[in-house]
Amino acid sequence: MSRRTRRHAARRAARRAAAPRRLLLGALGAAGAIVLGVLAGGGTFALWTVAAPAASAVTLQAGSAGLSSTPLQLSATNLYPGRTVYAATTVSNTGTTPLALTIDPVASTAAATPFASAVAVTVGKTSSAADCTAGRVPATVTTTVGAAGSDLQLTLAPGASQLVCVGVGLPQNASSAAAGAAASVLTITISGTQVRR
């Protein structure tokens with residue numbers, strides 16, 4: 001066997017001896033990559049499965065709306081053009097939601113009498129019943145029988161109350177027939193509309 005042949009044989013033998021080692025290193029490298037992949041995947045998986053205990057239970061409850069007022073004592077007897085009589089009433093929010101107040105269309109028991117056609121109703125908020133009866137309360141709303149409802153520009157919080165001054169009178173330019181006519185019963189209604197919070 002020549003030297004050259006012996007060298008080739010020795011190299012082949014060394015390669016054969018090194019082959020299992022190379023295969024083992026390759027397998028370990030693949031196993032390492034698989035372990036890293038599983039660990040990385042496990043970390044991502046953990047982010048998706050994080051859980052925390054729920055806070056104490058929340059109870060849902062519907063709100064309620066309620067409005068009440070004290071009796072209104074007003075007499076339109078002996079009204080004449082230019083005269084208005086006033087009285088105060090306390091309006092209270094008895095519900096659990098804020099209410100925006102409006103005055104509904106004023107109704108009359110008599111159909112189209114001169115008095116019902118001419119009478120004017122005023123409403124405004126006040127802090128004193130004495131100021132109201134003395135006519136010292138500026139009107140937020142002035143309306144007539146059958147006219148559309150009006151916003152009183154007043155919102156009541158739950159449990160809150162407001163003194164409201166209501167006036168009934170004949171304008172200065174009302175006809176003499178209105179002054180001499182029998183006064184009819186007027187229905188003055190204050191309503192509350194729930195305010196969104």
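In the predicted model, strands β3 and β7 run antiparallel and are joined by 4 bridges. Within this pairing, L99 is the residue that stands opposite L156 of β7. The two strands belong to an open sheet of 3 strands, arranged in the order β7-β3-β10 with antiparallel pairing. The edges of this sheet are taken by β7 and by β10 (190-194), each of which has a single partner strand, so that one side of each is left without a neighbour in the sheet. On average, and with direction ignored, neighbouring strands of this sheet are turned by 30° against each other. In general terms, the strands of a sheet pair through backbone hydrogen bonds, in either a parallel or an antiparallel manner.

The chain as a whole contains 4 helices and 10 strands, and these elements follow one another along the sequence in the pattern α-β-β-β-β-α-β-α-β-β-β-α-β-β. Of the 197 residues in the chain, 23% are buried. When contacts between residues at least 6 apart in sequence are considered, 79% of them join residues that are at least 24 apart.

A further set of strand pairings involves β5. This strand is joined to β6 (residues 141-144) by 4 bridges, and the two run antiparallel; in this pairing, T122 stands opposite T142 of β6. The pairing of β5 with β8 is likewise described by bridges, of which there are 6, and these two strands also run antiparallel, with V123 placed opposite V166 of β8. Strand β5 is mostly covered, in that 5 of its 6 residues are buried.

The loop between β5 and α3 (129-133) contains T126. With a relative accessible area of 9%, T126 falls under the 20% limit and is therefore buried. When residues up to four places away in sequence are not counted, T126 touches D131, C132, V137, Q162, L163, V164 and C165.

Rolling a probe the size of a water molecule over the atoms shows where empty space is left. A search of the whole structure finds 1 cavity of 30 Å³ or more, and the largest cavity has a volume of about 40 Å³. The residues that line the largest cavity are V123, G124, K125, T140, L152, L154 and V164. At least two residues of the lining are supplied by each of β5 (120-125) and β7 (150-156), and β5 gives the most, with 3 residues. By class, the lining of the largest cavity comprises 4 nonpolar, 2 polar and 1 charged residues.

Sorted by class, the lining of the largest pocket has 12 nonpolar and 7 polar residues, and no charged residues.

The place of P105 is in the loop between β3 (99-103) and β4 (107-108). With a relative accessible area of 44%, P105 lies between the limits of 20% and 50% and is therefore classed as partly exposed. For A147, which is 42 residues apart from P105 along the chain, the separation of the two C-alpha atoms is 5.5 Å.

Note on methods. Residues numbered from 1 in each chain as written. Predicted model: local features only at pLDDT ≥ 70, side-chain atom pairs only at ≥ 80, totals over all residues. Heavy atoms only, no water. Buried < 20%, exposed > 50% of the residue type's maximum accessible area, 1.4 Å probe, protein only. 1 Å grid on protein atoms, 1.4 Å probe; cavity = no way out; pocket = protein on both sides within 12 Å on 5 of 7 lines; lining within 4 Å. Points joined across faces, edges and corners; volume = space filled by probe spheres on them. Nonpolar A, V, L, I, M, F, W, Y, C, P; charged D, E, K, R; others polar. Pairing = 2+ DSSP bridges. Axes fitted to C-alpha atoms, helices over the stretch in contact; angles between N-to-C directions. Contact = heavy atoms within 4.5 Å.
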